[in-house]
Amino acid sequence: MQFHHHGYVSGDPRVQPAAGIGRDRPTDLPDEVDVLIVGSGPAGMLLAAQLSQYPDVVTRVVERRDGRLVLGQADGIQPRSVETFQAFGFAERITAEAYNIGYMNFWGPDPDDPQKIMRTTRTEDYGFKISEFPHLIVNQARVLDYFAEAALHGPGRIVPDYGVEFVGLTVHEPGSPEAGSPEAGSPQAGSGDYPVEVRLRSTAGERAGEERTVRAKYVVGCDGARSGVREAIGRSHVGGFSAHAWGVMDVLVNTDFPDWRTKCAINSAAGNILHIPREGGYLCRMYIDLGEVSAESHREVRKTPIETIIAKANDILHPYSIDVREVAWHSVYEVGHRVTDHFDDRAETETGDGADASPRVFLAGDACHTHSAKAGQGMNVSMQDGFNLGWKLGAVVTGRASARLLSTYSAERQPVAQQLIDFDREWSSLMARKPDEISDPQELANYYLGTAEFPSGFMTQYGPSMIVGDATHQHLASGFPIGKRFKSSEVSFVCDGNVVHLGHHARADGRWRIYAFADAPAAGEASALSSWAERMAAPDSPLSRFTPAGVDVDAVFDVKVIYQQRHEDVDLMRVPEVFRPKTGPLDLMDWEKVFAAAPSAWCPTDIFEERGISREGTVVVVRPDQYVAHVLPLEATDELAAFFEGVMLPA
């Protein structure tokens with residue numbers, strides 16, 4: 001990581017200097033806020049961590065609990081989520097404490113004695129097959145802790161306001177007396193416009209039971225499956241529950257089951273189990289099939305005692321057994337597949353380019369999609385909701401982007417939620433089958449591995465929009481599909497020869513990434529790259545037009561170059577200055593924006609080959625949430641400028 005560029009740092013470099021609202025953050029909720037996040041779950045806390053990078057945006061998080069989550073229900077962390085943790089700076093630490101899913105084994109009835117189970121298949125897990133990041137299991141509470149740390153250590157110093165519950169809200173017409181005084185707030189886009197009136201109630205402490213009103217420019221409902229925010233804006237879940245119940249328990253046991261520390265799908269004459277080892281070396285989670293339930297009795301099944309769930313687990317595991325020494329947590333649920341009809345408060349028929357036409361209230365996480373836990377998707381998809389929305393809110397409130405940008409949130413995330421529901425419905429149905437319904441014992445294993453890209457989080461592809469270009473030039477970088485997340489690859493720093501992952505240097509700091517892949521000539525020689533760099537250094541370039549005065553030259557756009565040569569063959573001092581910006585109060589040159597692609601002793605791969613990049617050079621534009629926004633030739637500087645003009649506002 002980089003630091004010292006704003007002066008010598010002797011403490012923890014992960015703690016960024018406080019700025020803006022973070023310098024003197026009020027203890028009590030202010031009467032007016034820019035963004036109010038309701039709920040401190042995965043979507044809400046990622047949002048807080050992201051918006052802490054926008055210290056001029058007044059952001060508060062309200063949570064009805066009186067403190068941090070102690071025991072989380074979600075635990076599966078897909079590779080795309082670990083990639084996201086890397087952007088927030090804690091992937092290595094959380095990986096060290098998590099359980100790494102290296103294998104998944106499948107068990108079925110023993111043909112010689114169908115009342116017993118036997119291992120039928122051993123498979124490698126899909127994690128490292130499609131990503132440099134692992135597939136992990138870790139308590140949701142710890143994930144929230146890390147995001148809370150990132151929010152606290154960001155310039156905005158965001159801390160949840162615990163013991164405050166959502167009561168209701170009203171969205172007023174912007175500019176009306178009810179929307180707040182024009183004099184309030186800072187001179188940002190929409191200043192003085194606080195059209196969302198939110199009613200809150202204290203749930204703990206001396207003020208328990210007291211109600212108050214807060215006005216907000218924007219509200220994000222991250223308040224779970226029974227979302228009050230969703231109800232307040234008139235949105236509804238579409239879908240229902242299946243007639244199948246599952247018991248789930250986190251347990252510490254002694255057992256003779258040989259695969260206790262391996263993820264397993266177990267199918268027997270007595271039912272089914274999805275078995276997932278947890279972090280720490282001892283704890284495991286078991287999803288136990290409790291069978292079909294009628295519509296009339298579905299509430300009764302939720303009262304199933306833990307003793308019954310344990311007994312059922314032992315029936316399924318026969319001839320093996322578990323001796324449960326402690327139950328850390330348990331619950332009973334029926335599989336539900338529901339998605340909200342829209343993820344914001346604007347009807348599909350409402351159009352327009354101004355702030356008045358943009359959404360004011362958003363839904364994220366379980367507030368807009370619910371499903372079974374067995375596909376390990378809930379927390380992961382919720383975090384991507386937050387990642388998608390956070391930078392957009394930051395850009396709009398700070399005046400960097402048009403309010404039209406906010407309409408892309410529901411347009412992008414609702415189709416992803418529907419894909420999740422469809423995938424989970426099929427996976428849950430396969431998991432719940434009886435042995436006599438299975439003709440091929442390998443079917444479940446084949447499905448698990450064959451669909452790996454979706455649960456890993458890498459199948460999401462956003463369609464063309466104001467922030468996703470068309471595919472006219474996709475052939476120039478076939479390995480970076482437009483609309484999909486930027487898939488990293490190893491390259492070498494020119495400054496020191498160290499091998500690094502190119503994508504791992506993209507932090508969740510709200511900046512756009514522009515990767516210029518050079519054509520063949522060496523640094524300092526006339527080339528398409530040198531012409532592109534000269535154009536980007538001009539006063540009317542996108543870099544100049546959309547970067548505010550008084551901030552670092554790379555505060556909005558992080559521009560990097562990748563040369564085709566070996567690192568020792570690139571003369572760093574002849575590289576165009578747009579790739580060697582001087583930043584901070586000391587005007588220090590950044591040495592870490594220039595990379596080399598040619599294989600070396602320490603880097604056997606060539607990113608040009610790995611990602612299908614044209615040797616004629618190309619430009620890959622990546623959004624702040626790590627999704628590829630555009631692929632263009634080096635000569636297409638006018639098209640690049642036009643793309644950003646459609647998204648951003650002049651500084």
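I take the radius of gyration over C-alpha atoms, and for a globule I use the rule of 2.2 Å times the number of residues to the power 0.38. The model I am looking at is predicted.

Overall form. For 651 residues a compact globule would have a radius of gyration near 26 Å, and because I find 26 Å for the chain, the two agree. I then looked up the extent of the C-alpha trace, which spans about 75 × 65 × 50 Å along its principal axes.

Elements and contacts. I count 16 helices and 27 strands in the chain. Taking the contacts with a separation of 6 or more, I find that 74% of them join residues 24 or more positions apart.

Surface and charge. Of the 651 residues, 57% count as buried, while the chain exposes about 25,800 Å², of which carbon and sulfur atoms supply 50%. I also located the charges, 61 positive and 91 negative, and their mean positions lie 3 Å apart.

Cysteines. I searched the whole structure for disulfides and found zero. For Cys284, I note that the closest cysteine sulfur, in Cys264, is 9.2 Å from its own, which is too far for a bond, since a disulfide needs the two sulfur atoms within 2.5 Å. Cys368 is likewise in no disulfide, with the sulfur of Cys222, the nearest cysteine sulfur, 8.5 Å away. I checked the accessibility of both residues: Cys284 counts as buried because its relative accessibility is 0%, and Cys368 counts as buried because its relative accessibility is 0%.

Note on methods:
Residues numbered from 1 in each chain as written. Predicted model: local features only at pLDDT ≥ 70, side-chain atom pairs only at ≥ 80, totals over all residues. Heavy atoms only, no water. Helix = DSSP H or I, 4+ residues; strand = E, 2+ residues; numbered from the N terminus. Buried < 20%, exposed > 50% of the residue type's maximum accessible area, 1.4 Å probe, protein only. Contact = heavy atoms within 4.5 Å. Areas by Shrake-Rupley, 256 points an atom, 1.4 Å probe, with all protein chains shown as cover. Lys, Arg positive; Asp, Glu negative; His and termini not counted. Charge placed at Lys NZ, Arg CZ, Asp CG, Glu CD.
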